Amino acid sequence: MSGTANGSITLTVEGSNKATRLPLLHGSIGPAVADIRKLYGDLGVFTYDPGYGATASCESRITYIDGDEGVLLYRGYPIEQLAEHSTFLEVAHLLLNGELPNRAESQSFERGILRHTMLHEQIRSFYNGFRRDAHPMAVLCGVVGALSAFYHDSLDINDPEHRRISAFRLIAKMPTIAAWAYKYSIGQPFMYPRNDLGYAENFLHMMNGVPTESSYVNPVLSRAMDRILILHADHEQNASTSTVRLAGSTGANPFACIAAGIASLWGPAHGGANEAVLKMLGEIGHIDRIPDFIARVKDKNSNVRLMGFGHRVYKNYDPRAKIMERTCHEVLAELGIKDDPLLDLAMELERVALSDEYFISKKLYPNVDFYSGIILKAMGFPTHMFTVLFAVARTVGWISQWKEMIEDPLQRIGRPRQLYIGPTQRDFVPMEQRG
Ligand code: ACO
């Protein structure tokens, strides 16, 4: 079922007799959208919306956010319930296929994913081409892009079975690629995946294990990791997801599209924020310096932002941030960390910001990244791996959104227009006549 049309907006061009009626389309929840597809034909004008703050780029059945109420639903299920009761692979099934799996479906989905965790042995050679100090996001981007050179048997995007296998391969191999990027950076041998372990458990095994010792993964930490993956799995049409959709709209293969998504996620305004939060906490250094820092954030000329705060859509508490904070306390307790100066600093920073008129009036609240860095650091992840972890989780959302787009009969190449403000047509001037 598509959005239902009910009502319309009539637009007239001032000073002319041109008018058009824009149908209003209603989804299952959320604000209606004005269908502007006939606008240019009827009035000869485009819409102008830099940053797409008022533009719905597609129909989707996957994720719903109510930014004013702080609600996040995956296929209708509240994120709080999924984080509490579900597992990452169950959520992956939900996002990809629309429903939570029954027991048999769950077993078969899990077996399917876990069967694809190994990388082609030739992919190992790619790592050697990188400097040891390469940022792991650079490695991830390169290696994921290279996957399309390995799986010629599943690149026909019009074949549902090819789409299914590519999705499985991407979800399954991403932890292996990510863990190997880490191992390469510290000069340790790559750990091969173990298919008898759960998804998060296997990831921690490949990150922290060494071939000389039998690996033990703490179940509390692996549950926390699973929850972190659930919280990051999808977030409707954010920058990286829109990048994946735009790349995919040209017919590019899914591995290339996910590599584009990884590149887009890397920026500090998006997935790079978790890394930036820790850097910021390190720079503040002590609770006594919070007022100074907040004053700099409020100074328009400083260009300093409170990282981990604010969101394009949430104008209320990001529901993922609350779960993240709880998980943070659980992880620190399990690790026997009684007093973590970074956590104390973050909690005080949050308290100060939430009671400051600047943040209140702009509706700036903590987002998912505010606490995630502290948990990951406590779990032994180096800062430059934080965004990589986000990418591992978001691969499920990206590939689900890509699949939905390819299966959408309305799908066309994404091709925005522009408001041109450059020079009007002029004649070429030979070099000797230029000033
Ligand atoms: N610290 C201080 N001021 C902020 C912050 C912040 N973190 N975020 C927004 N503002 C202010 C802006 O200065 C602006 O003020 P103005 O109206 O006086 O000019 C106002 O709030 C609106 O900000 P915009 O940048 O227009 O909001 P936008 O929706 O474009 O940006 C973004 C959203 C990029 C997330 C922004 O809030 C930000 O930079 N936050 C810090 C980085 C971060 O945590 N990113 C993670 C996002 S979640 C994710 O990707 C997983």
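Residues are numbered from 1 along each chain as its sequence is written, and side-chain values use heavy atoms, with hydrogens and water left out. In this predicted model, local features need pLDDT of at least 70 and side-chain atom pairs count only at pLDDT 80 or more, while totals for chains, interfaces and linings use all residues.

**Exercise 1. Classify the ring pair of F88 and Y199, and locate both residues.**

Step 1. Rings of Phe, Tyr and Trp (its six-membered ring) pair if their centres lie within 6.5 Å; planes under 30 degrees apart count as stacked, over 60 as edge-to-face and the rest as tilted. The structure holds 16 aromatic pairs.

Step 2. The ring centres of F88 and Y199 are 5.1 Å apart and the planes stand at 40°, so this pair is tilted.

Step 3. F88 belongs to helix α3 (residues 88-97) and Y199 to helix α8 (residues 199-208); the pair thus links distant parts of the chain, 111 residues apart. Helices (H or I, at least four residues) and strands (E, at least two) are DSSP runs, numbered from the N terminus.

Step 4. Both F88 and Y199 are buried, where buried means under 20% relative accessible area, exposed over 50% and partly exposed in between (1.4 Å probe, protein chains only).

**Exercise 2. Describe the pair F370 and Y371, and then state which residues form a cluster through ring pairs.**

Step 1. F370 and Y371 lie 5.2 Å centre to centre with 90° between their planes, and the pair is edge-to-face. F370 and Y371 are both buried.

Step 2. The cluster linked by ring pairs consists of Y127, W180, Y184, F190 and Y192.

Step 3. One ring of this cluster, Y184, has R132 over its face, at 4.1 Å from the ring centre. A charge sits over a ring if NZ of Lys or CZ of Arg is within 6 Å of the ring centre and within 35 degrees of the ring normal. K322 likewise lies over the face of Y317, at 5.1 Å from the ring centre.

**Exercise 3. Determine how helices α12 and α15 are oriented to each other, and which residues make the contact.**

Step 1. Two packed helices are described by the angle between their axes and the distance between the axes.

Step 2. The axes of α12 (residues 273-284) and α15 (residues 341-354) come within 10 Å and cross at roughly 95°. Axes are lines fitted to C-alpha atoms, for helices over the stretch in contact, and angles run from 0 to 180 degrees between N-to-C directions.

Step 3. Angles under 35 degrees count as roughly parallel, over 145 as roughly antiparallel, 65 to 115 as roughly perpendicular and the rest as oblique; α12 and α15 are therefore roughly perpendicular.

Step 4. L278, M280, L281 and I284 of α12 meet L342, L345, A346 and L349 of α15, contact meaning heavy atoms within 4.5 Å.

**Exercise 4. Decide whether S166 and D133 are buried or exposed.**

Step 1. S166 lies in helix α7 (residues 160-186). Its relative accessibility is 0%, so S166 counts as buried.

Step 2. Not counting residues up to four places away in sequence, S166 touches S154, P254 and F255.

Step 3. D133 lies in the loop between α5 (124-128) and α6 (136-146). Because its relative accessibility is 53%, D133 counts as exposed.
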